[in-house]
Amino acid sequence: MEYQIIDDFLDQEFFNKIKINLINKNFPWIYKSSCSYEGGKDGSCFTHCFYNNNESKSSFNKELAPLYKKLKARSLKQSRANLILKDPEHPQGDFHCDYDFKENLFTAILHVTNNNGYTLLGTRSLKKVECKENRMIIFPVDYLHASGRQTDDSQRIVLNVNFYV
């Protein structure tokens with residue numbers, strides 16, 4: 001599989017529940033100096049880790065169980081949300097892959113907010129996937145991708161899940 005793009009991935013009621021939590025002004029975000037990877041030059045963002053290193057890191061993780069089930073995830077590697085701020089000095093993120101091994105590991109990116117940001121997939125022939133609420137992108141974990149920052153809204157929120165099938 002190269003990649004899949006699925007609109008209206010989640011049931012609307014469940015999707016709205018996720019979105020309401022993530023846009024809540026009291027949701028706990030942590031600052032990162034680079035969005036893509038440690039030491040990247042693609043500008044800062046905020047993140048919230050739900051699951052990492054074989055353990056839940058957030059009480060909200062259990063609320064995402066229907067998402068993991070819909071992905072048919074056998075188990076998780078990592079699950080997090082990213083809040084990307086408008087930043088004209090860093091219009092596009094660094095190309096990266098989430099992990100450099102395959103082992104039936106996939107990346108899923110769920111767009112939580114509508115805006116003119118995007119995700120770029122691939123290297124030779126780039127596929128630009130626009131941000132649209134409840135749009136899911138699924139691809140092998142070693143597939144190169146980059147985010148494009150939005151210019152119309154102050155924030156862009158995505159959910160990023162690395163999972164085994």
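Which residues lie nearest the centre of the largest cavity? In this predicted model, those residues are N82, H96, S147, V158 and N160, which belong to a lining of 15 residues. The space in the largest cavity amounts to about 190 Å³, and the count of cavities of 30 Å³ or more comes to 1. Strand 5, strand 10 (residues 145-148) and strand 11 (residues 155-164) each contribute at least two residues to the lining of this cavity. By class, the cavity lining is made up of 6 nonpolar, 7 polar and 2 charged residues.

The largest pocket, with a volume of about 280 Å³, is lined by 17 residues, and K32, S36, Y37, Q78 and R80 are those that lie nearest its centre. Two or more residues of this lining come from each of strand 3 (residues 45-52) and strand 5 (residues 75-85), and strand 3 provides the largest share, with 3 residues. The pocket lining divides into 5 nonpolar, 8 polar and 4 charged residues.

Strand 9 covers residues 135-140, and because 6 of its 6 residues are buried, the strand is largely enclosed by the rest of the structure. Strand 1 (residues 4-6) runs antiparallel to strand 9 and is joined to it by 3 bridges, with Q4 of strand 1 having I138 as its bridge partner in strand 9. Strand 9 also pairs in the antiparallel sense with strand 6 (residues 105-111), in this case over 6 bridges, and here H111 stands opposite R135 of strand 9. In a regular strand, side chains alternate between the two faces of the sheet.

The loop between strand 8 (residues 127-130) and strand 9 holds N134, a residue other than glycine whose phi is positive, near 65°. Most residues other than glycine have a negative phi. N134 has a relative accessible area of 1%, which lies under the 20% limit, and therefore counts as buried. A positive phi, of about 60°, is also found at K72, which is not a glycine. K72 is placed in the loop between helix 2 (residues 65-70) and strand 5, and because its relative accessibility is 69%, K72 counts as exposed.

The number of salt bridges in the model comes to 5. In one of them, K132 is paired with D7, and the closest N and O atoms are 3.6 Å apart. K132 lies in the loop between strand 8 and strand 9, whereas D7 lies in the loop between strand 1 and helix 1 (residues 12-23), so the pair ties together parts of the chain that are 125 residues apart in sequence. Both partners are partly exposed, with a relative accessible area of 33% for K132 and a relative accessibility of 35% for D7.

K19 is in helix 1 and E133 is in the loop between strand 8 and strand 9, and the pair links distant parts of the chain, 114 residues apart. K19 is buried, with a relative accessible area of 19%, a value that can be read against the limit of under 20% set for buried residues.

Notes
Residues are numbered from 1 along each chain as its sequence is written. This is a predicted model: local features need pLDDT of at least 70, side-chain atom pairs count only at pLDDT 80 or more; totals for chains, interfaces and linings use all residues. Side-chain values use heavy atoms; hydrogens and water are left out. Buried means under 20% relative accessible area, exposed over 50%, partly exposed in between (1.4 Å probe, protein chains only). Helices (H or I, at least four residues) and strands (E, at least two) are DSSP runs, numbered from the N terminus. Two strands pair if DSSP finds at least two bridges between them. On a 1 Å grid over the protein atoms alone, a cavity is a set of points where a 1.4 Å probe fits but cannot get out, and a pocket is an open set with protein on both sides within 12 Å along at least five of seven lines; lining residues have an atom within 4 Å of a point. Grid points are joined across faces, edges and corners, and a volume is the space filled by probe spheres set on the points. Ala, Val, Leu, Ile, Met, Phe, Trp, Tyr, Cys and Pro count as nonpolar, Asp, Glu, Lys and Arg as charged, and the others, Gly among them, as polar. A salt bridge is a side-chain nitrogen of Lys or Arg within 4 Å of a carboxyl oxygen of Asp or Glu.
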